[in-house]
Amino acid sequence: MLRVSNLVKYYKRTLAVDGVSFEVANGEIVGLLGPNGAGKTTTLRCITGIVQPTDGVIEIDGINLAEREEEAKRRLAFVPEVPTPYEMLTVLEHLRFIAMAYQTMTRFEERAEALLRRFELFDKRNDLVLSLSKGMKQKLAVACAFIHEASVILLDEPLIGIDPKGIRELKEMIGTARQESKSILISTHMLDTAERLCDRIIILRKGVVIAEGSLEELSRRAKMGEDATLEDVFLSLTEESDRVEGTDIS
Amino acid sequence: MKALIYLELSQLINSIKNILRSPKRLIPTLLIVVWVGGWFVQGLLLLVADSPSHQKPDFGVLREIPIETVEMIVFLFLSIGSALVVYGAFSSSMLIFNISHIDFLFPTPISRRKVLLFKLLKDYLKLGMWIAFFFLFLGSPVYSMLRVSMLPWGAVSIAAITALALTVLNLAHTINIVFTLGYERLRQTGILIKAVIILVPVSSVAYGLYHFSRTSNGIAGIVSAVESPVMNVVFAPAKWAAGLFLAPLTGVTPEQWGQFGLLWLLAAGSFVLLLSRNENVYEPSLGVSIKFAQRRAAARSGDFAVLRVAAMREKGSRRVSGLGVPPFGRGANAFLWKNLITRYRLYRTQLVLMAILPLLVVAIMSRFLPADLKRGAPFVLTYLVWMLSLSAQSEIRSDLKYANTIKPMPIKAWKLVLAQVISSVCYLTGGVLLLSGYLWLAVPEARNETLVVFMIIMPSLGFANIAAITIPSLMYPDISDASQNYLCSVFSFLLTLFPSVLTIITLLMPKMLSAPIYVVVTIVCLINILFGMAGVVLSGELFRKFDPTSD
Ligand SMILES: Nc1ncnc2c1ncn2[C@@H]1O[C@H](COP(=O)(O)OP(=O)(O)OP(=O)(O)O)[C@@H](O)[C@H]1O
Ligand SMILES: [Mg+2]
């Protein structure tokens, strides 16, 4: 379970996240949506401890990240936005390094093979990451996230550049993870995917949560009919908050 | 820790394998290794075989330089260097983890302190090796000339300088971490510390000036500035290191052994201080690492435009102000317009320099050069055009990476090339004509017919030159390949020889025969333009076949 309360993050003087609170329960998939620069990546980076939150509390399975960082991070898996894996490692070495870092080396070869076969990287296992295509690197990053047993999985735009088969595999893996009652948080711009995959949607805009809930709840908030797609709802809600801000200024 | 060691070792082994596997990478590496290794062995030989039986020239005069002066200079260097490093730590991040670390290492449960420790140890090991290397590399010939053995005190020098470097770096890192993250909270403190760092040299300069005014002895003034009490207190470690640096010449006194111990104590203490910080050391490297990686990639591919763009981004220039070329044209003309403005934006500072520097050059010339040379200015200018055209080559080649965008445009290839060439020629011609104009105005001796002839020929000469170098640029586009670079330079050299020599001959013409000069000049301009057009057409053909994906 992941709980974020009142998260604030300044980069120097830029306010990137402004008091965001949400929860991802066990066995739940939550989509984090928002226009470019809304603060999605920053939120995920705070949760993974890459950046220091200016304020707020992050709990992973009830463990406070600020207090027991290593313990909390052990339960996390993270697929970064446009990942840059170590070029001078082979695919298998890369997975092994991640497994070593998380200290989950039991049955490593077996698990690595299964994952690599799933993403059609097995033939490339002894190639340098240097020689992988963009989509292959993305797949490798996903494989790295699933090589250890995390209870909270964070994915930052994981579907970009992956081929249809890879996307299906990833979706299946996310589905399986939900059945294993893990908490999954996905930041994405692909609204139709989010609509089908996620149990709940959080919409961020300029570092603030402007809407949160299931698709039905969101369409109700946007005063739209039942057949409204997430795209309609998303655009309506973000535009609405643009308008609200506009009236604030004038 | 095991995972980190695994990571480093695997990467190292793979890099070596990767180099060994490809001759393209292996040969330059071997050359560099042989060259550096040769120096190193030579240094070691000088160090060991220090027998007077060798017929070595006596550089005893070097011994005449008082050791105090040398020590003072070393002290000055070390203290200024330290101050700059510490001062810089307030603004720019210094802990540079690469992007892969950000993406894949930082989220892992390996503790931040371990990651930091590992990173620092790696960096410091490298630093120590560099210091030792340079000491041997540069020091051994000097000491051999002085007929002084570098052993055993050379080791003390290296260790002392390393300790100082570590102390300064540890402090700088600490400051960097504290001030990048506690930005608002600690602003005042930061300003205070910076002010102190500035005040120290200022006060010592004042102290020196005061001495100077009393004694009106310049050297004594400088000495007293450097030796001022403030400098000696604030930069005491640099002072000790400077003394120990010359240990092979002076030996080490008991007092200096104490200073040596203190230096290492400081290094260790500052290291502990740095490691005890609780801030998130990952964050400062976030923005920088990406910038750094982009820049390194750009440098590796020789793409100077990217470097400049990065520099501009850093300065925060988002909008371009000042003069711009109004948009014009369609098709290839629009492309020319785009080239003109992007160059203007990228090289604005350089352009300003281009306008000011010649003024300086001309001013100096008119003062100090003999009249003959001044009269010969057009020949020098021809040479300058030649050199500038050759140097434009790297730019043309780095522009080729936009071939992906440009090639699909519905514009004939030769027109694209022409637009590209003309935009370069515009800047080249503008700069050189400006210089010629200054010469005309400021140097009476240069105000002659030859200069006029040169100025008329100049645009066509630039065109011929730039068009000529475009051909080899397209034939050998890969900037990262040493052999292609070599071939490209040789071809450019040969091709540009023709218009340049032709110009030189024309400039000599009035003295040699009495043909009407305007006829000759017209013919030469025509030849240059034809030559250039031939180059453009040929390049266009090459560009049409050019495959942007295979670099
Ligand atoms: N390292 C950094 N330094 C300074 N500002 C940053 C940094 N990273 C992000 N920002 C700023 O923080 C804000 C939020 O950025 P963030 O990357 O979190 O957005 P995002 O929602 O992930 O956008 P996108 O959809 O484009 O990925 C933006 O205004 C951005 O400019
Ligand atoms: Mg993002």
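Let's start with ligand 1: 13 residues lie around it, and A:Gly37, A:Lys40, A:Thr41, A:Thr42 and A:Glu81 come nearest. A residue is near a molecule if one of its heavy atoms lies within 4 Å of it. Before going on, please keep in mind that this is a predicted model, where local features need pLDDT of at least 70, side-chain atom pairs count only at pLDDT 80 or more, and totals for chains, interfaces and linings use all residues. Residues are numbered from 1 along each chain as its sequence is written, chains are lettered from A and ligands numbered from 1 in the order in which they are written, and side-chain values use heavy atoms, with hydrogens and water left out.

Back to ligand 1. Which chains surround it? Residues from both A and B do, so the site is shared between chains. The biggest giver to the shell is H1(A), with 3 residues. Sorted by class, the shell holds 5 nonpolar, 6 polar and 2 charged residues. Here Ala, Val, Leu, Ile, Met, Phe, Trp, Tyr, Cys and Pro count as nonpolar, Asp, Glu, Lys and Arg as charged, and the others, Gly among them, as polar.

Now the polar contacts, which are pairs of N or O atoms within 3.5 Å; within protein, one must be able to donate a hydrogen and the other to accept it, and residues adjacent in sequence count only if both atoms are side-chain atoms. A:Gly39 uses a backbone N or O atom, 2.9 Å from an oxygen of ligand 1. A:Thr42 brings a polar side-chain atom to 2.5 Å from a ligand 1 oxygen. For A:Glu81, a side-chain N or O atom is 2.7 Å from an oxygen of the ligand. Taken on its own, ligand 1 has 640 Å² of accessible area, and the protein covers 67% of that. Those areas come from the Shrake-Rupley method with a 1.4 Å probe; for residues, only the protein chains shown count as cover.

Next, ligand 2, a magnesium ion. Which protein atoms are its donors? They are OG1 of A:Thr41 and OE of A:Glu81, at 1.9 to 2.4 Å. A:Thr41 lies in helix H1 (residues 40–47) of chain A, and A:Glu81 in the loop between strand E6 (76–79) and helix H3 (91–101), so the pair ties together parts 40 residues apart in sequence. Donors are N, O and S atoms within 2.8 Å of the metal (3.2 Å for Na, K and Ca), and water is not among the atoms, so sites may look incomplete. Helices (H or I, at least four residues) and strands (E, at least two) are DSSP runs, numbered from the N terminus.

Buried means under 20%, exposed over 50%, and partly exposed in between (1.4 Å probe, protein chains only).

Let's move to the strands. A:Asn6 sits in strand E1 (residues 2–11) of chain A and has a positive phi of about 50°, although it is not a glycine. A:Gly19, in strand E2 (residues 14–24), is 13 residues from A:Asn6 in sequence, and their C-alpha atoms are 4.3 Å apart. A:Asn6 is partly exposed at 39%, and A:Gly19 is partly exposed at 30%.

Finally, the cysteines. A:Cys46 is buried at 0% relative accessibility, and A:Cys144 is buried at 4%. Over all chains, the search finds 0 disulfides, meaning pairs of cysteine sulfur atoms within 2.5 Å.
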